[in-house]
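Visitor: I'd like to talk through this complex before setting anything up. Could we begin with its pockets?

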Amino acid sequence: MIVTAGLGKDYGSLRAVDALTLTVSEGEIFGCLGPNGAGKTTTVRMLIGLLRPSRGWARVAGYDPITQSREVHRHTGVVFETPNLYERLTVSENLALPARLLGVTRKSVDEAVERFGLSEVLRRRACHLSKGWRQRVLLARAMLHRPRVLFLDEPTSGLDPNSARMIRDIIRELRSEGATVFLTTHDMHEADELCDRVGIFYRGQLAALDAPAVLKAAGKKQLVVEVRGGDGEVKRHELPFDAPDTADWLHEAMKAGVVLSVATRHHTLAEVFSQLTGGELS
Amino acid sequence: MGHDWRDFSRNPTLWVMVGIPVLLSYLIVRATAAGAPRHLVAPMWVLFAQVMVGVMLSAPDLAEERERRTVEALVVSTASYREVVAAKWAFAFLVSLAVQALVLTVNQAWTGGTAALIATAALSGAVFTLVGLLIGLCCGSVRLAGAAASAIMVALFLTGGIFESFGVLKPALRYLPSVLSVRLLGQAMAGTGLQSLDLLCLVGWLAALAAASLVRIEAELRR
Ligand SMILES: Nc1ncnc2c1ncn2[C@@H]1O[C@H](COP(=O)(O)OP(=O)(O)O)[C@@H](O)[C@H]1O
Ligand SMILES: [Mg+2]
């Protein structure tokens, strides 16, 4: 559904995106993960035909975002990083304008309103909406024409937990309907929870690309040991699984008879992420 | 364009902008030149309406769309950037015509040839809305666009309004669109027929500004 080959963008001497080669299949939720400035938004903007790539090419729903941008737009919905509603227009007017441009029927608009629970704010002006409502309206606007591909650029960033959960629920629902979602985020838990595959972006390059479970499994394992201390208190130690020192330490602890339990655990996606990006968490 | 109207109708600063030329021209003309021939006093106030609406309306409006990236929402809804900009220009142009008509009416300045007057109002209105559009296309923020538009508006109004007092600078300022507009309006109101040199120069401005806007739009699309 989304294919790129050697896709890249320079801003002057800055390589915002180096050479991205990627395939996202139909019905997949793809997480584009990375710290601020990694090139996520630049990638999205190239895929929706708002930025011309400096090199490489892309296809979205089978179309070229540059030469066939209208076709691409007919099949894609976008929630931008900046909440770009017309502030002085009401929610209803904010939906009506793109609906008219897209040739969407009144009925489809009503369905979107229903689905995102917007009836109570329809007459409210966008400037009076909270961030959570705003994001809902933006999602509804992106979904008016029931696109096959959705680009969501940090849809939950800066939202309160409830609103963020609601947005995540909607994304999950979209998956069950077979939509392809290109989700940009710097929230590891969100990516872990929602995405079939994640690409970890770092300084314009794809540092890793796989299912969250695979990425976590590929990361180093941790040994989790519980020991009883001298004062009777239970202490939890986490040690790198494959380091020689760990074995020595464990041997001593066993001899002392203080070990209560030994377990292993995989890294969280956040830990994998910070290993790949040199600890640069956002 | 319907949404342009709704957006506009809820923006109080824009109403002020439309109201000022009408009200101010009425008050000042009544107070200072009630009996003077219309073709001598009215043109500068029509110019005021042209620059106020043309420059001050479309420049911040377009800059706001670009700054807040609302225009991108339209583009991904299959509108083309060119069409969006063209619709904005057309909207400002229509408002400009309406306000010019109001200024002419309240000052009883529909004298001379109506056709020549309408043609001049349309041509100058088109030129000054293009000036505003170009400012909006070049400025990255509403603030900057507002400042640039105000400066240019004042410069245009002064050069056109008190052209006679510029002394040695007159030959250089003679071909500014504001001066051309005032001259043509005066000719239309006096019923003497429009001078082809003035007309030609203003059409030249129209072409040049339109070309510059297109170049800006293409540059933006090629980012
Ligand atoms: N219009 C622009 N001009 C110059 N540099 C830009 C522009 N947009 C983004 N950048 C730079 O490109 C890099 C990637 O930005 P971006 O794609 O927005 O990152 P992300 O969305 O991952 O935070 C950053 O270093 C940013 O400063
Ligand atoms: Mg971003």
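Visitor: How many residues line the largest pocket, and which lie nearest its centre?
Guide: In this predicted model, the largest pocket has a lining of 25 residues, and those nearest its centre are A:G49, A:L50, B:V75, B:Y81 and B:L221.

Visitor: Which elements give two or more residues to that lining?
Guide: From chain A there is α2 (69-75), while chain B contributes through α3 (38-67), α4 (70-75), α5 (81-106) and α10 (196-221).

Visitor: And how much space lies in the largest pocket?
Guide: The volume comes to about 620 Å³.

Visitor: What does the lining have by class: nonpolar, polar, charged?
Guide: The lining of the largest pocket divides into 11 charged, 8 nonpolar and 6 polar residues.

Visitor: Why does A:T41 count as partly exposed?
Guide: The relative accessibility of A:T41 is 21%, and since buried means under 20%, A:T41 counts as partly exposed. A:E81 is also classed as partly exposed, because its relative accessibility is 43% and exposed would require over 50%.

Visitor: OK, chain B now. How many helices and strands are there?
Guide: Chain B contains 10 helices and 0 strands, and its radius of gyration is 17 Å, close to the 17 Å that the globule rule gives for 223 residues, so chain B is as compact as a globular protein of that length. Along the principal axes, its C-alpha atoms fill a box of roughly 55 × 35 × 30 Å, and buried residues account for 50% of the 223 residues.

Visitor: What pLDDT does chain B average, and which of its elements has the lowest mean?
Guide: The average for chain B is 88, with 98% of the residues scoring at least 70. Where pLDDT is low, the predicted coordinates should not be read in detail.

Visitor: And what are the ipTM and pTM scores?
Guide: The model has an ipTM of 0.82 and a pTM of 0.84.

Conventions
Residues are numbered from 1 along each chain as its sequence is written. Chains are lettered from A and ligands numbered from 1 in the order in which they are written. This is a predicted model: local features need pLDDT of at least 70, side-chain atom pairs count only at pLDDT 80 or more; totals for chains, interfaces and linings use all residues. Side-chain values use heavy atoms; hydrogens and water are left out. On a 1 Å grid over the protein atoms alone, a cavity is a set of points where a 1.4 Å probe fits but cannot get out, and a pocket is an open set with protein on both sides within 12 Å along at least five of seven lines; lining residues have an atom within 4 Å of a point. Grid points are joined across faces, edges and corners, and a volume is the space filled by probe spheres set on the points. Helices (H or I, at least four residues) and strands (E, at least two) are DSSP runs, numbered from the N terminus. Ala, Val, Leu, Ile, Met, Phe, Trp, Tyr, Cys and Pro count as nonpolar, Asp, Glu, Lys and Arg as charged, and the others, Gly among them, as polar. pLDDT is the predictor's confidence in each residue, from 0 to 100. Buried means under 20% relative accessible area, exposed over 50%, partly exposed in between (1.4 Å probe, protein chains only). The radius of gyration is taken over C-alpha atoms; the globule rule is 2.2 Å times the number of residues to the power 0.38.
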